[in-house]
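Dear colleague,

I am passing on the structure we talked about, and below it you will find some notes on what came out of it. Please read them with the coordinates open beside you.

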Amino acid sequence: SEGICEDSFINDTGAEVKETFTMEVTTPWLSFGKPNNVKTMDYINIITDGNAKFTVKAACDMVSDWQLNLEMVGGSMPGFGSGINPFYGGGLITGTEQLCEFPQVFMYAKFHFESTDNKPLRIIRYGAFYKTGGIRR
């Protein structure tokens, strides 16, 4: 039908409905190849492409609560300091090798990415910078 954009659809009553896209990706619990060793994480790094806003969450050691909750924007956005107010807003840009502090001592870690933005987003890479220790905390 003419005049209906790609992110819309017609429901059973014939009314146009705006589609809401929700992206959610959760990793399994990661041991980074050494499940019995304690790791000391210093930073995480996320590289993306696109201009959607999204949230990164992280948890350690089978804890159900998220210890990290960061609002970020895709790597194609100008990032923090852009927008109406140059001192605030934007978000942490993820198109560079920028590191985010996340100091944790853990054995297992889990990451969660979510977005309800209708803009494109591609997660290219995410990683954790950590040191491996012994089997005792």
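A residue is called buried when its relative accessible area is under 20%, exposed when that value is over 50%, and partly exposed in between. Q67, with a relative accessible area of 36%, is therefore partly exposed, whereas S31, at 18%, falls under the 20% cut-off and so counts as buried.

Please keep in mind that this is a predicted model. The mean pLDDT of the chain is 75, with 69% of the residues reaching 70 or more. Where pLDDT is low, the predicted coordinates should not be read in detail.

To return to Q67, this residue is placed in the loop between β5 (53-60) and β6 (68-73). Beyond its neighbours within four places in sequence, Q67 is in contact with A58, A59, C60, F102 and Q104. With C60, a polar atom of the Q67 side chain lies 2.7 Å from the backbone nitrogen. As for Q104, which is 37 residues away from Q67 along the chain, the C-alpha atoms of the two are separated by 9.2 Å.

S31, in turn, is found in the loop between β3 (23-26) and β4 (39-50), and its contacts, leaving aside neighbours within four places in sequence, are with K39, M107 and Y108.

Technical notes. Residues are numbered from 1 along each chain as its sequence is written. This is a predicted model: local features need pLDDT of at least 70, side-chain atom pairs count only at pLDDT 80 or more; totals for chains, interfaces and linings use all residues. Side-chain values use heavy atoms; hydrogens and water are left out. pLDDT is the predictor's confidence in each residue, from 0 to 100. Helices (H or I, at least four residues) and strands (E, at least two) are DSSP runs, numbered from the N terminus. Buried means under 20% relative accessible area, exposed over 50%, partly exposed in between (1.4 Å probe, protein chains only). Contact means heavy atoms within 4.5 Å. A polar contact is a pair of N or O atoms within 3.5 Å; within protein, one must be able to donate a hydrogen and the other to accept it, and residues adjacent in sequence count only if both atoms are side-chain atoms.
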